[in-house]
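Here's a walk through one protein model, with the cut-offs spelled out as they come up. Have a look at the sequence and the fold, then read on.

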Amino acid sequence: MDLPSTSSPSSLRSIAVVGLGTMGTGIAEVLARSGREVVGIDVSEAAVRRATGALAAATARSVAKEKLTEQEREEVLARFRTSTELSAAADADLVIEVVPEDYDLKHRVFEELDAIVRPDTLLATGTNALSVTRLAAESLRPERVLGMHFFNPAPAMKLVEIVSSVLTAPTAVEAVTSLARELGKEPVAVGDRPGFVADGLLFGYLNQAAAMYEAKYASREDIDAAMKLGCGLPMGPLALLDLVGVDTARTVLEAMYASSGDRLHAPAPILGHLVEAGLTGQKAGRGFYTYEAPGSSVVVRDLQTPLDGSLLGAGRPVHSVGVAGSGTMASGIAQVFAQAGYPVVLAARSQEKAEAAKAAIGKSLDRAVSRGRLSEEAAAQTLDLITPAGSLEAFAEVDLAVEAVAEDLEVKQQLFAGLDKVCKPGAVLATTTSSLPVIAVARATERPQDVIGMHFFNPAPAMKLVEVVRTVLTADDVHATVREVCGKVRKHAVDCGDRAGFIVNALLFPYLNNAVKMVEQHYASLDDIDAAMKLGGGYPMGPFELLDVVGLDVSLAIEKVLHQEFRDPGLAPSPLLEHLVAAGCLGRKTGRGFREYARREEVSGRSGPDRPGPGPAMTGRTPPDPRPGPEQDAWGGLLGSAGPSRRTYPPERSAGPPPHPPPSHPPPARAPARMKYFRSMSQPAKTSPRASSASDAPEGTAGSRAAAQRLKMRRELATAAMELFATKGYEATTVDEIAAAAGVARRTFFRHFRSKEEAIFPDHDDTLIRAGAVLDVAPAHEHPLDTVCRGIKEVMKMYAASPAVSVERYRLTREVPALREREIASVARYERLFTRYLLAHFDETDHHDGNDDPLLAEVAASAVVTAHNHVLRRWLRAGGQGDVETQLDHAFAIVRKTFGSGIGAGRSLGAAGAAPQAAVRAEGEVLVAVARTDAPLDEVMRTIEEALKNK
């Protein structure tokens with residue numbers, strides 16, 4: 001049924017919120033502050049009182065902070081009323097349900113609302129795990145039911161996921177999307193599956209962290225500290241589980257596992273145990289941590305709290321440190337130790353490399369001085385503590401040797417075998433590997449008990465985290481030594497076992513891999529996923545931003561190691577990631593990864609050549625001397641790019657000023673229409689080429705990188721559109737669905753096309769550019785018509801490159817009137833291009849009436865296009881079979897014989913006023929004689945077309 005106009009965004013002024021828990025109260029506050037009339041409904045009188053008190057307290061804080069005046073506060077409070085009866089929602093324009101995550105309960109609420117609210121009222125559920133489609137299907141108004149998933153705390157979190165089912169009317173989605181924007185939120189459109197985007201990625205990560213803790217691989221404190229310091233997250237995963245609610249997390253994961261069957265979503269047994277014991281997190285006073293009281297966020301010590309570091313035992317004395325390597329990581333680690341006062345030997349494969357590494361440290365220290373973070377005296381003292389060396393022999397007296405060379409097991413084993421021979425007995429040997437087994441490195445020595453992992457994060461001077469990796473053979477005093485050293489160099493050490501990924505990578509990269517799979521499955525776009533995780537999860541960087549920074553090759557290598565170690569199918573790298581790496585699209589360092597970048601960049605946080613790693617992960621910190629370039633958006637890399645200059649063939653003959661002066665500034669970012677045509681038009685376009693503006697000219701420079709990027713993006717969108725048109729039908733397919741299928745945001749689609757009609761014509765502009773380039777470089781001796789015929793062959797090449805796609809598009813243009821109009825418009829652009837070119841080459845010396853020149857040029861250009869269209873249409877009707885080039889050559893020969901003597905070399909005239917006529921030679925060649933006459937152009941074209949059809 002059609003939705004009444006009352007569903008427009010401006011009409012959603014009265015809103016009911018059903019369920020006044022933490023989330024419902026927050027949503028009510030957001031709505032009341034925005035000027036809406038809000039009725040809060042809850043069966044519990046206590047919940048109603050708490051909600052009223054919470055709103056009063058929140059607005060009072062705003063007044064104290066001068067964000068609201070007292071009068072504004074009173075107005076907000078006056079707009080919020082409460083009730084314990086659902087009947088209070090009778091006059092609401094929108095009802096948002098946020099009762100507990102129980103399907104039967106939600107169904108009962110919706111069933112009662114169906115009998116209470118107006119026929120035009122929208123019903124939104126706040127679920128993050130249950131099926132919106134099922135709720136809609138069992139409602140009396142399925143087209144008005146959708147999901148509106150806010151994030152906690154609602155007043156602070158910007159993300160709102162708008163969840164539509166196959167039954168939801170598009171106008172309903174538009175109404176709540178507009179409402180979300182008016183509330184100051186960032187709406188992200190998602191499909192109906194458990195977890196949606198943000199929780200779908202977040203809860204898988206939380207589940208793995210719970211399983212890691214349950215396996216006693218690392219302590220809860222170390223897991224949380226690792227993800228906060230290594231990835232810049234606002235909370236660790238176990239603390240976040242306590243905040244969300246262990247019971248809520250288990251419910252979401254159960255729904256996700258039932259939908260996906262992915263073992264990574266199967267709730268960790270510890271979650272069930274805690275729920276059964278009533279230990280559901282902060283709200284219960286105890287979960288993974290113990291809190292001062294139920295509802296408190298203050299953690300108190302309990303039996304699981306680790307012992308103080310002083311109880312670890314005595315370590316070995318460390319007075320000097322050796323660092324092996326000359327890359328970014330080695331230099332950073334050497335700087336860290338030197339700044340802490342340790343004499344450092346920096347050894348490389350040659351003295352020159354070691355000196356260069358020390359010079360890089362000097363530049364880093366100079367930058368710290370210029371930014372006021374370090375005094376000149378301290379910088380000089382730090383640099384004086386570093387001694388470059390050309391071999392490992394210089395490590396003979398060091399107490400701690402740290403290896404930071406290439407992430408290759410054989411290379412590391414050879415180096416440790418050398419350290420074993422050089423270093424004194426009792427020296428601690430540490431590897432900075434991020435993915436290789438430390439025990440395999442230790443076994444290359446005769447003292448595996450002295451070997452340990454020290455996984456620094458890049459850039460080492462800025463990142464506070466060090467993962468300390470014990471093997472089954474590592475001595476206790478070696479472990480104690482490294483922990484003590486980490487404290488002295490002001491790093492936070494976390495303990496973990498010797499298995500792939502340690503803590504950070506083992507939790508981070510499956511999350512990144514799952515994000516890639518979301519795009520691969522066309523569930524959400526890159527931009528929407530990045531926005532969801534930044535706005536809904538508090539992540540400093542979205543997963544695809546981070547992947548491009550880390551490097552897709554590094555990410556793939558780590559994911560392969562994780563998959564090989566744990567043999568879990570859910571950890572298998574996404575095929576999309578593998579394909580991008582195989583294509584050389586490695587991220588910012590190559591100029592393209594999941595997004596395009598304007599030029600090759602030295603990326604902030606990218607791992608150095610010595611080792612892979614997540615870099616600054618999501619902290620946003622940059623290593624020394626970043627050289628960022630202007631980033632461009634989406635797959636096509638077109639955000640904010642300046643459009644190419646325009647050209648015409650030749651300038652119009654009018655002596656007056658051009659109709660549109662050339663712009664003095666770059667054109668807007670949105671790309672012009674991308675079109676191509678399939679069928680022959682029965683008549684040429686009505687608009688005369690003589691009156692066309694410069695906007696009809698082709699754009700850009702043929703073969704430019706920007707043009708190639710634009711064309712690639714257009715083709716990806718067109719492919720997605722064609723697949724949807726074939727499966728859903730043209731009319732039923734929306735722009736949002738096309739964008740999602742191509743893995744981009746809606747706004748990215750509209751940078752390339754103005755409508756879905758244009759989305760099936762992605763190559764037109766590029767082909768027009770190539771045709772124009774042929775005209776630009778034509779040899780002086782070549783006849784102009786031959787040049788034009790070569791130019792239009794570029795169009796045929798476009799179709800012949802993908803016959804099956806061309807045939808399908810031809811079918812669509814025959815069925816959809818809007819596409820036929822686009823086709824006619826594209827043909828007119830070719831005619832204008834060729835007409836301007838021929839006008840410049842018409843020989844005026846043999847003609848006394850200049851008015852005939854444009855006519856002949858128009859007829860000749862139209863004849864070329866018509867001949868091409870005739871051959872193309874016949875080829876498409878034959879399913880893309882046959883020698884189309886031979887057929888084109890034959891048709892162009894006819895045009896050449898007809899018009900060749902009048903263009904470029906003059907022509908002999910027939911009787912004045914003779915009408916165009918067709919003659920057929922015995923061998924079948926068609927000749928169309930066009931005399932200097934006032935005969936209508938349509939009549940001339942019909943004669944040419946009829947002759948070609950007969951042929």
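A polar contact here is a pair of N or O atoms within 3.5 Å; within protein, one must be able to donate a hydrogen and the other to accept it, and residues adjacent in sequence count only if both atoms are side-chain atoms. Keep in mind that this is a predicted model: local features need pLDDT of at least 70, side-chain atom pairs count only at pLDDT 80 or more, and totals for chains, interfaces and linings use all residues. Numbering starts from 1 along each chain as its sequence is written, and side-chain values use heavy atoms, with hydrogens and water left out.

**D399 and its surroundings**

With that in hand, take D399: a polar atom of its side chain lies 2.7 Å from the backbone nitrogen of H319. D399 is found in the loop between β13 (386–389) and β14 (400–403). Helices (H or I, at least four residues) and strands (E, at least two) are DSSP runs, numbered from the N terminus. Is D399 buried or exposed? D399 counts as buried, at 10% relative accessibility; the classes are buried under 20% relative accessible area, exposed over 50%, and partly exposed in between (1.4 Å probe, protein chains only). Contact means heavy atoms within 4.5 Å. Leaving aside neighbours within four places in sequence, D399 is in contact with P317, V318, H319, S320, K424, A427 and V428.

Strands β14 and β15 pair in the parallel sense over 4 bridges, where pairing takes at least two DSSP bridges between two strands.

R447 sits in the loop between α16 (438–442) and β16 (451–456). The R447 side chain makes a polar contact with the side chain of D420 at 2.9 Å. Not counting residues up to four places away in sequence, R447 touches L419, D420, C423, K424, P425, G426, A427 and L429.

**Other spots to check**

S44 lies in the loop between β2 (37–41) and α2 (45–64). Its side chain reaches the backbone nitrogen of A47 at 3.1 Å. Along the chain S44 and T84 are 40 residues apart, yet their C-alpha atoms are separated by 6.7 Å.

Here's how some of the residues in this report score on accessibility:

| Residue | Relative accessible area | Class |
|---|---|---|
| C231 | 0% | buried |
| F150 | 3% | buried |
| C423 | 5% | buried |
| R447 | 8% | buried |
| S44 | 26% | partly exposed |

As for cysteines, a disulfide is a pair of cysteine sulfur atoms within 2.5 Å, and by this rule the count comes to 0 disulfides.

**The eight-stranded sheet**

An open sheet of 8 strands runs in the order β3-β2-β1-β4-β5-β6-β7-β8, with mixed pairing. Strands β3 (80–83) and β8 (186–190) stand at the edges with a single partner strand each, so one side of each has no neighbour in the sheet. From one strand to the next the twist averages 25°; axes are lines fitted to C-alpha atoms, for helices over the stretch in contact, and angles run from 0 to 180 degrees between N-to-C directions.

Strands β5 (residues 122–125) and β6 (residues 145–150) run parallel and are joined by 3 bridges. T125 has G147 in β6 as its bridge partner. Helix α6 (residues 170–182) packs on the sheet, touching β1 (14–18), β4 (94–97), β5, β6, β7 (159–163) and β8, and its direction makes about 20° with that of β6.

F150 lies in β6. Apart from neighbours within four places in sequence, F150 is in contact with M23, I27, I96, L159, V160 and L183.

**Cores and the whole chain**

A nonpolar core is a set of buried Ala, Val, Leu, Ile, Met, Phe, Trp, Tyr and Cys residues joined through side-chain atoms within 4.5 Å. Which members of the largest core touch the most other members? Out of its 108 residues, they are Y205, F288, F395, I503, I529, F544 and F594. Helix α18 (residues 504–520) supplies the largest share of this core, 11 residues. A second, separate core of 38 residues includes F337, A357, A430 and M454.

Zooming out, the protein chain has 32 helices and 20 strands, and 56% of its 951 residues count as buried. Among contacts in the chain with a separation of 6 or more, 73% come from residues 24 or more positions apart.
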